[in-house]
Amino acid sequence: MGLRTAEEYKESLRDGRRVYIRGEKVEDVTKHPILGITCDTVGASYELTASDDKEIRDLFAAPHPETSEPINRLFITPRNSEDLRYRTKVIQRSMELTGGLPFGKDIGTDCLNAAFVVAGQMGNKQYQENAMNFLEHLRKNDLHTCGAVTCVKGDRSKEPSKQKHPDYYLHVVDKNSEGIIVKGAKIHITSAPVANEIIVVPTRQMRENEGDYALSFAIPANTEGITFICRAGRGAWSEHEFHGKQPVRELTEAMIVFDNVFVPWDRVFMCGEWQYSMLLAYTFATFHRFTAISYKVPSVEIMAGCAVAMAKYNGLEKVGHIRDKLADVAAYVETLKALTNAAAQDPVMYGDIAVPNPLIANMAKLHFASKYHGFIELIQDIAGGILATTPDQKDWENPDIHDYLEHYLGGSGEYSTLDRLKMVHETMRHVCSHDSAFHEVTTVHAEGSMAAQKMMILVESPLKRYEERAKKAAGIID
Ligand SMILES: Cc1cc2nc3c(=O)[nH]c(=O)nc-3n(C[C@H](O)[C@H](O)[C@H](O)COP(=O)(O)OP(=O)(O)OC[C@H]3O[C@@H](n4cnc5c(N)ncnc54)[C@H](O)[C@@H]3O)c2cc1C
């Protein structure tokens, strides 16, 4: 098959999966008012590979390395920095073209690419073959995946084996000649309720007595024993907002409960090899932070554009302190872009797989997360309090009060009041809304906390070299 249409993708979700949202069981996720939007968001990626525009099609689809049949480009395992640059471009252009991130194939392949690296390091031919066969299954059927890494974790200060009960981390409860039986729950999993396949990776390093938790596998979303409990979403645009023509985009996260789920051996990529759990978690995190910094760039560019436009609509673009703030806004965005490109430019090779540069990918993610709230503050500052108090589109359309709004809410005489209000609403969505608060938390936690990035920066940085240079300078060593 190779490439599916958006309709074929949606049809595949009517498969008896067990999904709950807002306390109710969902019979058909494609028809649900919130999950339907998530299906459309993911479905938009299927429209890109079927685009009439050859340039778009050629970016999002690529020839299968052996058969040359067209497949989704995210199913190409990166072998060099060019493949990584393509990955960034695919992710960024999908944001720009669809207005949202059809998130799934990227995180799924972040998991699978890490599984390839680790199976190679273990020298485990069976796991390598399982991962390869599974990748072929994804390529052939053009499947949407989610990456299930984060366990619910219970008491964070305690290791998996020391928790109040054994199920705070996903683990093996039984094995037989056919496969393994697993129990536990993964949480915050993006687009999980509309994925075809769930790919599991351990959330952390496991110790010698925690082999049952050193676990990686892939399983169809409608497998018996799996339940998705979703976060509630925003739903359609409110008719009160100014919102241009862009569709609402939504990628619903869910907790996935694995209630004694059977996984056949040929779908297993790690089971018990606790010594390699760290490498798997670490390699996944590197791939995934690279995905993250790639998809953040287009969204922060729009946010920076709001700051530039609001400065102009307010007539302040030449004022000293506003220009100073715009310089900080631009520096934030361009530093992120430069680090993202550098992470692709200078990969680390594991066998024939190119892993984005771990030090730079972690620095980029830390830069993005640690300075995001300051970046938002700059935009809020430039735009003004109207972000919090703006009248809405319904007020604008009411003839009783329209003229007051037109007369009093103008800014610089160069622009219309309507354009200023439209930009106020666009800016409000990014920095003063339920959605923007969601993204502030997402920035801090998604793709791992800042402490996790600092840990990896310390591991990857040449601290010894710094120390030696200082000791030489001080005359302590030759
Ligand atoms: C919108 C969104 C989407 C996401 N999508 C996915 C996804 O698709 N797949 C996926 O697998 N995950 C996903 N995540 C999960 C994300 O990776 C986690 O939120 C992140 O790893 C933090 O874990 P946590 O939420 O359990 O927070 P916690 O682990 O509870 O962290 C809270 C704080 O405690 C600190 N902390 C935790 N444990 C320790 C410890 N032992 N010692 C010292 N400090 C500690 C952390 O550094 C942090 O500062 C998503 C998260 C969000 C918000």
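From which domains does the shell around the ligand draw at least three residues each? It draws them from domain 1 (6-272) and domain 2 (279-468), with bounds taken from an automatic or database domain assignment. Please keep in mind that this is a predicted model: local features need pLDDT of at least 70, side-chain atom pairs count only at pLDDT 80 or more, and totals for chains, interfaces and linings use all residues. Residues are numbered from 1 along each chain as its sequence is written.

**Around the ligand**
- The ligand is surrounded by 20 residues, and the closest are Val149, His188, Thr190, His445 and Ser449; a residue is near if its C-beta atom, placed from the backbone, lies within 6 Å.
- Two or more shell residues come from each of strand S5 (145-148), strand S7 (179-190) and helix H14 (434-445); helices (H or I, at least four residues) and strands (E, at least two) are DSSP runs, numbered from the N terminus.

**The sheet with S5**
- S5 also belongs to an open sheet of four strands, ordered S5-S8-S9-S12 with mixed pairing; strands pair if DSSP finds at least two bridges between them.
- S5 and strand S12 (268-271) are the edge strands, each pairing on one side only.
- S5 pairs with strand S8 (residues 197-200) in the parallel sense over four bridges, and here cysteine 146 stands opposite isoleucine 198.

**Helices on the sheet**
- Helix H5 (residues 105-122) packs on the sheet and touches S5, S8, strand S9 (215-220) and S12; contact means C-beta atoms, placed from the backbone, within 7 Å.
- Helix H6 (residues 125-141) also packs on the sheet, touching S5, S9 and S12.

Notes
Contact = placed C-beta atoms within 7 Å. Axes fitted to C-alpha atoms, helices over the stretch in contact; angles between N-to-C directions.
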